[in-house]
Amino acid sequence: MSAINWLAAWACSPGGPGRKRDEHRGGKSTLGTEHEHVLLVAHLTAGMVNLTRHENEKYFLTATGERKPFPSLHDPFSRELSVVIPAYNEELRMPVMLDEAMQYLENRQKQNPSFTYEVIVVDDGSRDKTTEVALRYTNKYSADKVRVLTLVKNRGKGGAVRMGTLSSRGKLILMADADGATKFSDLEKVEAGLKDLDTGPENLAIMCGSRAHLEKDSVAQRSVFRTFLMYGFHFLVWFFCVRGIKDTQCGFKLFTREAALKTFSSLHVERWAFDVELLYIAQCFKIPIAEVAVNWTEIEGSKLVPFWSWLQMGRDLIFIRLRYITGAWKLHSPHKTD
C-alpha cells in the first residue's frame, strides 16, 4: 500500500482520524522539525464545523413581507428538487441565471404537474442589492417556489451553499452558481447520471457536472502561468484529497437529500476549496460519486482572483488532509441543530 493510500485509509477509518507519530530512530523522529511545525500549525489553526445561525438567518420573507421559518434538512422531503444558489454581490449577473432556471422549472412543472421544486437564493452578506433582486422572484413566483436566505455576514461560497442546503426541502438538491455559466437544462444530464449510480439502502449519491471535456480549449486560451496554476491545483487535489473526479470545482452538483445531510454536516471549509473537502468527505463515507459533461460558458465578473485564490485553495487542500490526519477535524454523524 502506498503512503498516500495508507494516509487516506487512516484519515477515513471508522474510529475517526487520530494523530500518530512515525517510529523514532536514534531518539529522533523520522518527521523533521519543519514537518512537525506544519502539522502543529494545521492542527492549532483548524476551525470547527459552524452550523450556527444568526436569528435573522432562520427566516425567509413571503411575497406579503411575512417572516416564516426555514425548514431543516433533517425533516422529510416535501419537494422533488431544491436548487441552492450562493450569491455574493450578484445583482447584475443573477437575473439572467434566474430567468433561465425559472423558465425551465416552470415549463417542466407544466408538462409534469407532479414535479415540485423550490429555489433558494443565499445572499452571502452582499453589499449590493442581491437580496432585493432575488425577492422580486419571490414576489413573482411566491415564497413556496423562491426563497431568499440573507446571511448577516459573508461566510464564503461553501458556507452559503451549506446554509441553503440545510434549509432545503428537496428529495434532490442541486447547487448552481449565480452567474449561469452552466446551462440549466443540463440538470437532466446530472439527474440521469444520478439514477445510474447505486445509491444503496441509505440512498447516498452525488453527481458532479464536469468541464473536463473543455480543458484542451481552455489551455489554448490561457497564459502559460495560469495553465501551470491549473495543473498544479489538479495535482494537489489528486495527491492530497480526491481521486477519480476530473473536475471538482464545477458549481453544478446534484445530491440526494441523504448524501447532502451526511457531507454538509462535516464540512469545515467555507471558501473556494469547499468542493474538494465535500468530495473528500463523501469518499471517506464511501458515497458513490460520478461526473457528467455539462455545457459551460465563462461569464465575466468572477470573484476569483487568479493567483491569490489559487494560492489560498492550494493551502486549503494541504491543510484539509493534515487536519483530518492529526484529528483536528473529524467526520461527524448528522445531528439536528438550529
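Author: One definition before we start. Contact means heavy atoms within 4.5 Å. Bear in mind that this is a predicted model.

Reader: Fine. How many helices and strands are in the protein chain?

Author: The protein chain has 11 helices and 11 strands. Of its 338 residues, 49% are buried.

Reader: And what share of the contacts with a separation of 6 or more comes from residues 24 or more positions apart?

Author: They account for 80% of those contacts.

Reader: Let's go to helix 3. What do its buried residues pack against?

Author: They pack against strand 5, strand 6, helix 4, strand 7, strand 8 and helix 6.

Reader: Which residues of helix 3 are buried?

Author: Met 94, Met 97, Leu 98, Ala 101, Met 102, Tyr 104, Leu 105, Glu 106 and Gln 109. There is a general point behind such patterns. An α-helix has 3.6 residues a turn, so residues three or four places apart point the same way.

Reader: What span should helix 3 have, and how far apart are its end C-alpha atoms?

Author: Helix 3 runs over residues 94-111, which is 18 residues. At 1.5 Å a residue it should span 26 Å, and the end C-alpha atoms are 26 Å apart, so the two agree.

Reader: Now strand 5. Start with Ser 82. Buried or exposed?

Author: Ser 82 counts as buried because its relative accessibility is 0%. Ser 82 sits in strand 5, residues 79-87.

Reader: What does the side chain of Ser 82 reach?

Author: It reaches the backbone nitrogen of Arg 169, at 3.3 Å. Setting aside residues up to four places away in sequence, Ser 82 also touches Glu 118, Ser 168, Gly 170, Leu 172, Ile 173 and Leu 174, along with Arg 169.

Reader: And Ala 87? Where is its place?

Author: Ala 87 is in strand 5 too. Its relative accessible area is 1%, so Ala 87 is buried.

Reader: What is Ala 87 in contact with, beyond neighbours within four places in sequence?

Author: Its contacts are Met 94, Val 121, Val 122, Asp 123, Asp 124, Ser 126, Thr 130 and Ala 178.

Reader: You mentioned Ala 178. Where is its place?

Author: Ala 178 is in the loop between strand 8 and helix 6. Ala 178 still counts as buried, because its relative accessibility is 2%.

Reader: How far is Ala 178 from Met 97?

Author: They are 81 residues apart in sequence and 6.2 Å apart in space, C-alpha to C-alpha. Met 97 is also one of the contacts of Ala 178, and so are Ile 85, Pro 86, Ala 87, Glu 90, Arg 93 and Met 94, leaving aside neighbours within four places in sequence.

Reader: Change of topic. How many cavities of 30 Å³ or more turn up?

Author: A search of the whole structure finds 2.

Reader: What lines the largest cavity?

Author: Met 97, Ala 176, Asp 177, Asp 179, Gly 180, Ala 181, Thr 182, Phe 184 and Phe 252.

Reader: And the largest nonpolar core? Which residues touch the most other members?

Author: Ile 206 and Ile 320, out of 46 residues in that core. Strand 6, helix 5, strand 8, strand 9, helix 9, helix 10 and helix 11 each give two or more residues to this core. Helix 10 gives the largest share, 8 residues.

Reader: Which residues is Ile 206 in contact with?

Author: Leaving aside neighbours within four places in sequence, they include Leu 194, Leu 254, Phe 255, Ala 282 and Ile 289. Another core lies apart from this one, with 36 residues, among them Ala 87, Met 94, Tyr 104 and Tyr 117.

Reader: Last one. What is phi of Asn 89 and of Lys 286?

Author: Phi of Asn 89 is near 50°, a positive value. Phi of Lys 286 is near 60°, also positive. Most residues other than glycine have a negative phi.

Reader: Where do Asn 89 and Lys 286 lie?

Author: Asn 89 is in the loop between strand 5 and helix 3. Lys 286 is in the loop between helix 10 and strand 11. With a relative accessible area of 24%, Asn 89 is partly exposed. Lys 286 is exposed, at 73%.

Definitions and conventions. Residues numbered from 1 in each chain as written. Predicted model: local features only at pLDDT ≥ 70, side-chain atom pairs only at ≥ 80, totals over all residues. Heavy atoms only, no water. Helix = DSSP H or I, 4+ residues; strand = E, 2+ residues; numbered from the N terminus. Buried < 20%, exposed > 50% of the residue type's maximum accessible area, 1.4 Å probe, protein only. Polar contact = N/O pair within 3.5 Å; in protein donor to acceptor, adjacent residues only side chain to side chain. Expected span 1.5 Å × (residues − 1). Core = buried A, V, L, I, M, F, W, Y, C linked by side-chain atoms within 4.5 Å. 1 Å grid on protein atoms, 1.4 Å probe; cavity = no way out; pocket = protein on both sides within 12 Å on 5 of 7 lines; lining within 4 Å. Points joined across faces, edges and corners; volume = space filled by probe spheres on them.
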